[in-house]
Amino acid sequence: MAQTLAEKIIASHVGKEVRPGELVLTEVDLIYAHDLSGPLAISQLEAIGFKGFKRPERIVFFLDHASPVSTRQAANDHKRIREFAGEHEVRFYDVGNGVSHQVAVEELVKPGQIVVGGDSHTCHGGALAAFATGMGSTDVAMTMYLGRTWLRVPPSQRFFLHGTTPAGVYPKDMMLHIIGKISVSGATYKAMEFVGPVIDQMPMYHRMVFPNMAVEAGAKVGLVPSDEQTKLYLAEHGRAGDYTPWAADPGAQYQEEYDIDVSRLEPQIACPHNVDNVKPVSEVGYVQVHQVYLGTCTNGRLEDFREAAAVLKGHKVARGVRLVATPASRDVYMKAAREGIWDIILEAGGLVNSPGCGACPGVQTGILADDENCLSTLNRNFKGRMGNPKANIYLASPATCAAGALAGEIVDVRKQVKHGR
Amino acid sequence: MAAKRGRAWTFPANVSTDLIFPGRYVEFLSDNAKLRSITLCDAREEFAPNVKPGDFVVADDNFGMGSSREQAALMMKLCGLSAVVAKSFARIFFRNCINVGVPAIELDTSDIQDGDELEVQLEAGRLINHTRGRTYEFPPLPSVMTRILEDGGLVAHIKKHGDFVV
């Protein structure tokens, strides 16, 4: 029987065809936790009388949320994780290496794998055609302990993206448009599969936005088939040998199919306080911007900063606007430095932080004041997300965010680029 | 989980884990008493100071959307809730509830008003609304989740069986 990409990956692990709704027990190829999910995971491992990992090569700990730490408690949590990872000889990424999900796609995740991470954006790994899904600390701990987990095979949705991408429109605009269309629960428990000529032609750094934000529609996983672009990306990171081709079978059954013509899209903004409160920029009206935050696992890659820098180059941010940039990984940080991207951001009046989650989880480096508006490339705009429930978060592409920093309000980047140069 | 009866605390659709456990309280991560004291503080300030063991959280669609922070589910347990009832749940939160040993029940909650007196009969798949004299039925959880819940959570389940019992 023809199978979707999600079904194929699970089937390859359990040794038989699977159907949506079926419960399976499956081996997991890569399991990770970070500094917020890690401490409880370690406690649960201790609670079960854990003595050591059967397959330590599958286990990874990252310190990315507080990076570097700003409280004594976080410092102690970090110390505990650092010592635990050392004692059990598992892979460990200390502060400064970047967001777990981005480091994982650069160095660890392979097409066709099943990946479990203690963070909701673990679905990021779907960009490499891996069945990557987020879970809580106890699930992660038990999966680390046993090397496997249980899953309910998700029904799949197919998003077919076609048309000509207009200038000023980026994958972030497309994904916000999709979430606006299907809602924040439109993919709950499901697998979102992103295909079509627009995806085929997209380089990996652009593709990553779609699986990354799949959880914002409630999805279990977001998947992009692996192809020449995947191969290229893996080769760029010294992992050409990790490539295998994965795609759904022709004729696979989808619970829903969506046809997305990108040709008439304009830049999109997700307005407070839900990711599906999406409007084309022309319908947003006047919104003053107090902070612009560029970064996160969603849009913190080299090319995202290139796109922002192209708008910022030779200009200054508007008076009263803080522009904060945080690269998603050490690799991004170094490459952007060599290219002079940080020079452009610094000359524009912005600042650049060390790699990691930065201001996104609302615990550091860019908490908002009451009644302030933040325009950001991050993935969710929930009330309180950036540390203050009285502040507002607007989501957009890196280019739209950069244009907002220069104007001091939300603007159409297509117009800004025209008269800005 | 002794108490199975208590009042309903209603919540709208799309209550995020940031509303249940805001990131600004990250230092409470491993402190259960403090965690309990801020449960759902950004959704309904009066909830945490007034919730009693046996009470119910009753929500519209997509309760617990967003982050995987397990503390959000743990807080439901720390409050001593009989169950969390919603039209639908975000999947990670749902799984976390079962793993920490809190019944998460999916059913149409439109009829339930804030303050209604509820009683849950898990094995029978029934939620009784004593205030309105109505009974709502809900389907059983996937088999593995029923076992985990019966065993008192995922750690106890694995301790008992040595593996997931699917």
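I started with two helices and found that the axes of α5(A) and helix α7 (residues 154-161) of chain B come within 10 Å and cross at roughly 25°. For the labels, helices are DSSP runs of H or I with at least four residues, strands are runs of E with at least two, and both are numbered from the N terminus. The axes are lines fitted to C-alpha atoms, for helices over the stretch in contact, and the angles run from 0 to 180 degrees between N-to-C directions. α5(A) and α7(B) are therefore roughly parallel to each other. I use that word for angles under 35 degrees; over 145 is roughly antiparallel, 65 to 115 roughly perpendicular and the rest oblique.

Next I looked up who touches whom. Thr138(A), Asp139(A) and Met142(A) come from α5(A), and they meet Leu154(B), Val155(B) and Ile158(B) of α7(B). Contact here means C-beta atoms, placed from the backbone, within 7 Å. By class, I get four nonpolar, one polar and one charged residue in this helix contact. Ala, Val, Leu, Ile, Met, Phe, Trp, Tyr, Cys and Pro count as nonpolar, Asp, Glu, Lys and Arg as charged, and the others, Gly among them, as polar.

A note on the source: this is a predicted model, where local features need pLDDT of at least 70 and side-chain atom pairs count only at pLDDT 80 or more, while totals for chains, interfaces and linings use all residues. Residues are numbered from 1 along each chain as its sequence is written, and chains are lettered from A and ligands numbered from 1 in the order in which they are written.

I checked the scores too: ipTM is 0.96 and pTM 0.97. For chain B, the mean pLDDT (the predictor's confidence in each residue, from 0 to 100) is 95, with 98% of its residues at 70 or more.

Then I took the whole interface. Chain A puts 41 residues into the contact and chain B 39. On the chain A side, β1 (23-27), α2 (38-47), α5 (137-146) and β7 (148-152) each give two or more residues. α5(A) has the largest share of that side, with five residues.

Last, I turned to a sheet in chain A. It is open, with four strands in the order β10-β9-β8-β11 and parallel pairing; a pair needs at least two DSSP bridges. Its edge strands are β10 (221-223) and β11 (256-261). I noted an average twist of 20° from one strand to the next. Three bridges join β9(A) (residues 191-195) to β10(A).

How values were computed:
Two residues are in contact if their C-beta atoms, placed from the backbone, lie within 7 Å.
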